[in-house]
Amino acid sequence: QVQLAESGGGSVQAGGSLRLSCRASGGTESSGCMGWFRQVPGKEREAVAMIDGAGGISYLDSVKGRFTISQDSSKNAVYLQMNSLQVEDTGMYYCATGSPWRHGFYCGVPVAALGMDYWGKGTQVTISP
């Protein structure tokens, strides 16, 4: 039903920028809770930036001041502008949406990956020193 597709990942040097895009299709945009997660091998998938149905935004502490999440409801899209990238930002980035409160979570960072219902396949972000 609901499908999410990410794009915009790539390899850049530390200090560079990337803009990730996520397009929702194949279904209705429900809860309005959307966000970006990232995962590295051996580590739990973590929320990076979230935007709720009222436009409320929250970020992982380590990306505050560097990342900006935004959405365009008319295009069923959500974006993540990433500036001043650091090596530790490396990972697979996933777009997700759902109703986290139904799983015992809020729509905001931190929120467990288990709180989300629909996922994109991910886009790799690699930052070199």
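Student: Where does D89 sit?
Tutor: D89 lies in the loop between β8 and β9. Keep in mind that this is a predicted model.

Student: Is D89 buried or exposed?
Tutor: D89 is buried, because its relative accessible area is 1% and buried means under 20%.

Student: Which backbone nitrogen does the side chain of D89 reach?
Tutor: That of Q86, at 2.7 Å.

Student: And what does D89 touch?
Tutor: Leaving out residues up to four places away in sequence, D89 touches R38, V63, R66, F67, S84, V125 and I127.

Student: OK, on to β9. How many of its residues are buried?
Tutor: 7 of the 8 residues of β9 are buried, so that strand is mostly covered.

Student: Which strands does β9 pair with, and in what sense?
Tutor: β4 and β9 pair in the antiparallel sense over 7 bridges. β9 also pairs with β11, again antiparallel, over 3 bridges. Then there is strand β10, residues 118-119, which pairs with β9 in the antiparallel sense over 2 bridges.

Student: Changing topic: how many disulfides does the structure hold?
Tutor: The structure holds 2 disulfides. C22 and C95 form a disulfide with their sulfur atoms 2.1 Å apart. This pair links distant parts of the chain, with C22 in strand β3 and C95 in strand β9, 73 residues apart.

Student: What about the link that joins C33 to something? What is its partner?
Tutor: A disulfide joins C33 to C107, S to S 2.1 Å. That pair links distant parts of the chain too: C33 is in strand β4 and C107 is in the loop between β9 and β10, 74 residues apart.

Student: Left-handed or right-handed, for each link?
Tutor: The link of C22 and C95 is left-handed, with -80° about the S-S bond. The link of C33 and C107 is right-handed, with 100° about the S-S bond.

Student: Are these cysteines buried or exposed?
Tutor: C22 is buried, with a relative accessible area of 1%. C95 is buried at 0%. C33 is buried, and so is C107.

Student: What's the pairing if I number the bonded cysteines in sequence order?
Tutor: It comes out as 1-3, 2-4.

Student: Now the nonpolar core. How many residues has the largest one?
Tutor: The largest nonpolar core has 24 residues, and those with the most contacts inside it are W36, F67, I69, L80, M82 and Y93. Strands β3, β4, β5, β7, β8, β9 and β11 each supply at least two residues of this core. The largest share, 4 residues, comes from β3.

Student: Why would such side chains sit together?
Tutor: In soluble globular proteins, nonpolar side chains tend to be buried together.

Student: Pick one of those residues. What does Y93 touch?
Tutor: Not counting residues up to four places away in sequence, Y93 touches E6, L20, W36, F37, R38, V48, F67, L80, M82, G122, T123 and V125. There is also a second, separate core of 9 residues, which includes A96, C107, V111 and A113.

Student: T123 came up there. Where does T123 lie, and is T123 buried or exposed?
Tutor: T123 lies in strand β11, residues 123-128, and T123 is buried, with a relative accessible area of 10%. A polar atom of the T123 side chain lies 3.1 Å from the backbone nitrogen of G9.

Student: Last topic: which strands make up the open sheet, and in what order?
Tutor: The open sheet of 4 strands has the order β1-β3-β8-β7, with antiparallel pairing. β1 and β7 stand at the edges, each with a single partner strand, so one side of each is left without a neighbour in the sheet. On average, neighbouring strands of this sheet are turned by 15° against each other, direction ignored.

Student: How many bridges join β7 to β8?
Tutor: 6 bridges join them, and the two strands run antiparallel. As a spot to look at, D72 stands opposite A77 in β8.

How values were computed:
Residues numbered from 1 in each chain as written. Predicted model: local features only at pLDDT ≥ 70, side-chain atom pairs only at ≥ 80, totals over all residues. Heavy atoms only, no water. Buried < 20%, exposed > 50% of the residue type's maximum accessible area, 1.4 Å probe, protein only. Polar contact = N/O pair within 3.5 Å; in protein donor to acceptor, adjacent residues only side chain to side chain. Core = buried A, V, L, I, M, F, W, Y, C linked by side-chain atoms within 4.5 Å. Contact = heavy atoms within 4.5 Å. Pairing = 2+ DSSP bridges. Axes fitted to C-alpha atoms, helices over the stretch in contact; angles between N-to-C directions. Disulfide = S-S within 2.5 Å.
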